[in-house]
Amino acid sequence: MNTNHADMKKTACVVLGVTGSIAAYKAADLVSTLIKRGIDVRTILTASGAQFITPLTLKTLSRAPVALEQFAHSSSTDVEHIELAKQADVLLIAPATANFIGKAANGIADDLLLSTFLAVTSPILIAPAMNSKMLTNPVVQRNISVLRGRGCEFIEPEEGLLACGDIGRGRLAPIEMIVRSVMNVLSLKQDLLGKRILVTAGPTREAIDPVRFISNRSSGKMGFAIAKAAAKRGARVTLIAGPVHLETPTGVERINIVSCEQMRNAVEAEFNNSDALIMAAAPADYKVEAVSNQKLKKQNSSFSMTMLPTTDILKSLACCKKHQVIMGFAAETEFLEQNAKAKLLNKNLDFIAANDVSAKNTGFEVDTNQVTLFDKAGNATKSGLMNKKELANWLLNFLLDELNK
Ligand code: CTP
């Protein structure tokens with residue numbers, strides 16, 4: 001992962017929440033490492049966190065006051081949780097207990113950290129630490145999914161010997177890994193600066209008559225998340241969007257199309273000026289042969305239409321591909337790997353992100369997704385379940401490596 005410290009704002013501020021896990025003692029190392037990397041750290045220590053580590057330790061290491069109580073009597077007239085929320089370039093909760101995760105997922109704000117959590121607009125990183133049975137408890141997993149769905153990024157705990165003597169997953173991620181995640185978020189990785197990325201998103205509509213059409217359930221969310229993430233990382237992004245009601249991400253040039261033919265024309269017009277194409281759209285595979293100019297009238301008998309194949313946009317580009325890196329998506333309901341690999345070959349792609357659209361959390365219209373990414377060298381990498389923003393960045397990391405080859 002490219003972590004360019006020089007790209008970061010000099011006074012980047014991490015607001016660190018320390019909750020009541022035995023791993024709270026590791027917060028000392030975490031604060032010290034962040035400070036050594038030139039980052040301001042403002043710590044919020046919960047009442048249970050303070051059972052495991054003293055405010056004095058964290059104050060000394062962070063060279064800043066440690067916030068403890070929601071209604072502390074201080075000389076400042078500032079509303080503390082709002083002030084802390086405003087200061088945060090990143091809110092990092094490490095270690096995060098099951099209790100914190102549960103309350104945060106349910107909008108409870110009964111202490112300073114939880115109130116700050118509700119008020120921040122910065123990215124949020126959460127590093128859980130707990131017993132493995134607690135971690136795998138469906139309630140905790142549901143709370144984690146809720147928070148992921150709201151854009152929180154989780155730094156996965158590791159396997160190992162736990163404080164209670166059990167062996168399992170639940171140990172706080174290594175400090176180096178937590179710090180790396182913070183640096184990645186802070187540097188906002190302008191690693192796609194100067195790259196021109198073409199993204200397609202959403203369904204197409206194939207007209208039957210002036211009032212009817214054939215379409216599909218693609219919501220466009222994945223493609224829009226990719227366009228947004230790529231623009232944030234410095235790319236010049238053109239987004240070719242089918243009919244969806246989604247806001248155009250800041251800094252992205254949007255071209256609206258309706259039919260597969262229009263999408264093809266728009267992609268072809270932009271392709272030569274692009275370094276990469278990500279086809280997250282679901283263009284129709286068929287169009288109606290004879291589109292009626294007038295509204296078709298109901299008949300009391302069965303009715304059939306002739307459908308003609310549309311152009312496979314990706315496949316049609318195989319011939320004119322030069323330096324471009326091309327990533328496709330494979331929406332599958334069965335034989336995921338086999339079908340995705342066939343599409344990768346057949347369409348001459350660098351990558352294909354295969355997702356099972358029949359599963360509950362990874363199908364259409366939802367905010368989460370999970371893919372297996374196949375590349376042309378035969379590697380397969382599973383993303384795990386992520387929100388679409390996280391997944392967008394995950395996919396862009398692979399694209400970037402390929403662009404830099
Ligand atoms: N695609 C395309 N042009 C089309 C249809 C699909 O470029 N007319 C692209 C999609 O944007 C996606 C990839 O091809 O990146 C795979 O799309 P998918 O719908 O999964 O597969 P199809 O090739 O349409 O095959 P099938 O519907 O039989 O699964």
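**Around the ligand**

Author: A quick heads-up: this model is predicted. In it, a polar backbone atom of threonine 311 sits 3.0 Å from a nitrogen atom of the ligand.

Reader: How much of the ligand's accessible area does the protein cover?

Author: Start with the ligand on its own, when it has 570 Å² of accessible area.

Reader: Which residue puts a polar side-chain atom 2.5 Å from an oxygen atom of the ligand?

Author: Let's sort backbone from side chain here. Leucine 314 uses a backbone N or O atom, 2.9 Å from an oxygen atom of the ligand. The polar side-chain atom at 2.5 Å from a ligand oxygen belongs to lysine 347.

Reader: Which element gives the most to the shell around the ligand?

Author: The ligand is surrounded by 17 residues. The elements giving two or more residues to that shell are helix 11 (313-317) and strand 17 (325-332). With four residues, the one that gives the most is strand 17.

Reader: Is asparagine 369 buried or exposed?

Author: Asparagine 369 is found in strand 19 (residues 368-369), and its side chain makes a polar contact with the side chain of asparagine 355 at 3.1 Å. Its relative accessible area is 4%. The cut-off for buried is under 20%, so asparagine 369 counts as buried.

Technical notes. Residues numbered from 1 in each chain as written. Predicted model: local features only at pLDDT ≥ 70, side-chain atom pairs only at ≥ 80, totals over all residues. Heavy atoms only, no water. Near = heavy atom within 4 Å. Polar contact = N/O pair within 3.5 Å; in protein donor to acceptor, adjacent residues only side chain to side chain. Areas by Shrake-Rupley, 256 points an atom, 1.4 Å probe, with all protein chains shown as cover. Buried < 20%, exposed > 50% of the residue type's maximum accessible area, 1.4 Å probe, protein only.
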